Amino acid sequence: MSAPVGWPEHLPAQLDIPDSTVLAVLAGSARRYQDRPALRFADAELSFARLHQRACGIGQLLADAGIGRGGMVAIHLGNGLDYPLCYFGILLSGAAAAPLSPMLTPADTARQLADSGARAIITDAAGDPLSGTGRDGVVRLVLLDEDAQPARRITIGAPAAADPPPVRLTGDDTAHLVFSGGTTGRPKAVVISHRNLLAETVQYACWRTGAVPGTDDEGGIVLRPVPGDFLLRPGEATALTAAPLFHSMGLVGLSQHVASGTTLVTMPRFEPHQFLDLVEAYQVEHLLGAPSMFHAILECPTLAGRDLRSVRAIGCASAPVPVPLTQRLEAVFSNARVRQSYGLTEATLVATAPPYTESAPDRFDSCGVPLPGTEVSVRDADGNPVPDGTVGELWIRGPQVSAGYLNRPEETAATFVDGWLRTGDLGRRDADGYLAIVGRIKDMLIYKGYNVYPRELEEIMLQHECVAHAAVVGRPDEHAGEIPVGFVVLRTPCQPDEVMAFVNAQVAPVKRLRELHVVSTLPLSGVGKILKTELRAMLDRIPPTVTA
């Protein structure tokens with residue numbers, strides 16, 4: 001297959017990724033960028049050199065506590081400078097990291113801790129993190145006994161070291177676990193190896209900033225710029241995100257920003273007004289987040305009059321990006337281009353994205369093209385490839401694809417097939433090589449034998465001037481099979497039947513909304529995904545605002 005339209009001329013289809021780990025990226029960037037700020041949080045910052053030194057110190061502290069290669073350490077922290085220090089420190093000790101959401105209940109924390117097999121946890125909880133006690137800001141390494149109960153606590157403080165513990169890791173060693181699938185059942189721990197993490201880190205960092213990987217004189221991995229009209233460049237950009245660091249978007253994004261020498265500004269939690277304050281204060285070039293976050297920014301009362309000219313690229317992920325949202329963002333951020341990527345935890349993070357260049361074609365309904373070294377196949381229900389333009393399940397193959405779930409052999413076998421990842425997502429490829437996401441297989445509904453894709457209806461709903469947020473799910477129906485049901489959050493008051501009529505006038509009869517619910521908010525996950533399982537559960541609890 002020829003290169004997709006707009007593929008940057010000087011970026012190869014395959015990258016020569018060194019046989020190493022992401023720790024070589026951390027060391028290489030520490031030497032190359034030294035005093036450049038790597039991380040900013042609140043009023044504090046860490047340079048690339050200091051990030052490496054302090055992570056090495058934490059790695060040595062862990063090694064002194066008997067934690068090393070083959071070990072598992074859970075992280076139970078909120079966003080802040082301590083998180084990346086502890087994460088990289090764990091990897092430098094030779095152990096693997098298991099991020100846990102600090103928003104979990106004590107029971108869920110205990111369950112994920114047990115599933116991970118961790119024998120230690122890093123936390124800022126005042127007491128036992130499993131008891132739900134409050135955090136006091138003091139970061140501790142808590143060693144656990146055989147029953148996963150706290151046995152010893154060590155205050156981490158601010159150690160620093162010039163070199164990490166002498167541990168030799170391979171690409172097959174586990175780098176971290178990320179729990180996935182919590183909206184549909186008990187979360188599964190996706191195993192991300194060092195090979196997966198390094199590949200994803202280099203692939204996307206090179207794609208976004210226009211570079212190819214190389215090594216310095218000491219074996220550190222560095223990115224070398226190539227010519228082109230890239231929106232971002234290595235060692236020059238500042239990025240802003242509110243993504244939680246316990247999620248792949250925040251955690252893997254951390255390594256990608258370190259690789260590209262990007263200064264990363266983070267927040268404890270997303271708040272639109274503060275987010276915009278940070279854009280202005282640091283003259284941010286790159287914004288990252290989910291569609292729900294950008295919806296909130298566009299509705300922020302203090303948006304007008306802001307100086308947002310520094311923003312060059314807006315990376316949107318975690319959920320499909322409605323075309324109207326993209327158009328509004330590019331109108332408000334006048335110097336920026338919106339880039340919608342696609343990925344999932346089982347692929348470490350990102351699998352496809354549009355080129356991050358000025359000259360790339362506008363494909364507002366697309367999630368781009370496969371990253372270098374990545375294959376995406378669109379297949380039917382029997383696993384056979386389908387022609388361009390035909391909707392099918394997306395299968396992904398590449399070095400960033402995980403080998404499977406921890407201790408879940410049956411689910412691993414069903415999802416990871418002959419080196420391919422079955423995503424469960426529906427999409428299509430156009431003649432120019434660009435992919436578009438239609439929805440999840442489990443979200444597709446069948447009305448009288450016809451496939452109805454919720455995203456198509458959601459896109460139309462969002463074109464209505466009164467609609468701020470929208471979602472569509474199916475309600476079981478004994479005659480039709482399933483009927484399309486819409487949920488909307490209104491931006492301004494209007495008659496709900498007007499919204500329904502607006503949508504139904506633009507689609508075939510089999511796709512028309514049969515019910516519409518006006519709600520104050522849509523249920524969202526920690527990274528801004530609409531929780532459609534919760535919407536389906538609401539169908540039996542609240543009557544529709546209007547019916548067809």
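The model is predicted, so local features need pLDDT of at least 70 and side-chain atom pairs count only at pLDDT 80 or more, while totals for chains, interfaces and linings use all residues. Residues are numbered from 1 along each chain as its sequence is written, and side-chain values use heavy atoms, with hydrogens and water left out.

Let's start inside. A nonpolar core here is a set of buried Ala, Val, Leu, Ile, Met, Phe, Trp, Tyr and Cys residues joined through side-chain atoms within 4.5 Å; buried means under 20% relative accessible area, with a 1.4 Å probe and protein chains only. The largest such core has 98 residues, and Y87, I122, L141 and W207 touch the most other members. Its biggest contributor is helix α3 (residues 82-93), which gives eight residues; helices are DSSP runs of H or I with at least four residues, and strands are runs of E with at least two, numbered from the N terminus. Another core, of 32 residues, lies apart from it and includes I483, M500, V503 and L516.

Now turn to strand β13 (residues 263-266), where you will find T266. T266 counts as buried because its relative accessibility is 9%. Beyond residues up to four places away in sequence, T266 touches R40, F41 and T241.

Finally, the cysteines. C206 is buried, at 1% relative accessible area. The whole structure has zero disulfides, a disulfide being a pair of cysteine sulfur atoms within 2.5 Å. For C494, the nearest cysteine sulfur, that of C466, is 3.5 Å away, and C494 is in no disulfide.

Conventions. Buried means under 20% relative accessible area, exposed over 50%, partly exposed in between (1.4 Å probe, protein chains only). Contact means heavy atoms within 4.5 Å.
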